[in-house]
Amino acid sequence: MSRILHDVANGTLFGVALNYQGLLEQHLAAFQQAPYQKPPVKPVLFIKTPNTRNGHDGVVVHPQGERLQPGPALGVVIGKSASRVSAQNAMAHVAGYTIVNEFSLPEDSYYRPAVKAKCRDGFCALGPELVSREQVTNPNQLSLKLFVNGELRQQNSTANWVRDIPQLIAEISEFMTLHEGDVLITGTPEGRVDVQPGDTVEVEISGLGRLVNHIKAEELS
């Protein structure tokens with residue numbers, strides 16, 4: 001049975017960058033150059049701060065003079081604290097799933113995701129609800145679609161993750177505790193698009209419904 005999202009997904013929002021094979025492959029050449037020298041060997045994490053929280057049917061402000069890009073992703077809601085858990089036991093710590101639209105300005109560096117690009121007010125929409133773990137047979141085989149004004153603009157599958165949910169939980173909980181209510185944003189695929197004021201943006205994930213947001217121009221005082 002689905003549950004009210006804000007009652008259970010009320011913790012820290014952890015984002016994972018470069019978690020789609022196609023996106024990682026696009027950047028492999030750059031990762032061979034200074035200062036990186038090699039691709040990342042552990043999950044590349046960032047945090048969406050509390051001010052970024054937004055919901056289904058919420059308004060996202062388009063910063064004047066900037067490019068704004070939605071980021072469709074599967075959100076994994078932690079159901080009980082996870083510290084140094086194995087990949088084999090990781091799913092027991094998952095309460096369920098929700099849709100996330102992780103809005104951002106274009107990123108200059110995946111190794112150092114910028115707070116200014118990632119953490120503006122309303123830049124992380126979640127919803128429309130929490131779907132329990134038991135209701136999703138295989139989270140590694142979900143279709144992910146982004147629509148702008150009803151037009152399909154981005155499409156992928158969680159089958160193309162670099163790391164699946166058990167791997168992510170195991171690797172992250174190795175060095176920090178994930179608490180009940182935390183949300184793991186499992187990554188946005190390659191092909192991010194720009195949106196404009198007046199646009200309606202929808203993220204659809206198979207079995208989880210659709211998350212809708214409305215883009216509004218920034219009003220400067």
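Colleague: What should I know before I start?

Modeller: The model is predicted: local features need pLDDT of at least 70, side-chain atom pairs count only at pLDDT 80 or more, and totals for chains, interfaces and linings use all residues. Residues are numbered from 1 along each chain as its sequence is written, and side-chain values use heavy atoms, with hydrogens and water left out.

Colleague: How many helices and strands does the chain have?

Modeller: Helices (H or I, at least four residues) and strands (E, at least two) are DSSP runs, numbered from the N terminus. Here there are 5 helices and 12 strands.

Colleague: How are strands arranged into a sheet?

Modeller: Strands of a sheet pair through backbone hydrogen bonds, either parallel or antiparallel. Two strands count as paired if DSSP finds at least two bridges between them. In this chain, 7 strands form an open sheet in the order β2-β1-β10-β5-β6-β7-β3, with mixed pairing. β2 and β3 (53-55) are at the edges; each has a single partner strand, so one side of each lacks a neighbour in the sheet.

Colleague: Which strands does β1 pair with, and in which direction?

Modeller: β1 runs antiparallel to β2 (residues 44-48), with 5 bridges. It runs parallel to β10 (residues 183-185), with 3 bridges. Take Phe14: it stands opposite Ile47 in β2, and its bridge partner in β10 is Leu184.

Colleague: Is β1 buried or exposed?

Modeller: Buried means under 20% relative accessible area, exposed over 50%, partly exposed in between (1.4 Å probe, protein chains only). In β1 (residues 13-17), 5 of the 5 residues are buried, so the strand is largely enclosed by the rest of the structure.

Colleague: What about its two faces?

Modeller: In a regular strand the side chains alternate between the two faces of the sheet. Both faces of β1 are covered: Leu13, Gly15 and Ala17 are buried on one side, Phe14 and Val16 on the other. Across the chain of 221 residues, 50% count as buried.

Colleague: How many disulfides are there?

Modeller: A disulfide is a pair of cysteine sulfur atoms within 2.5 Å. The count is 0. For Cys119, the closest cysteine sulfur is in Cys124, 9.3 Å away, too far for a bond. Cys119 is buried at 12% relative accessible area. Cys124 is buried too, at 0%.
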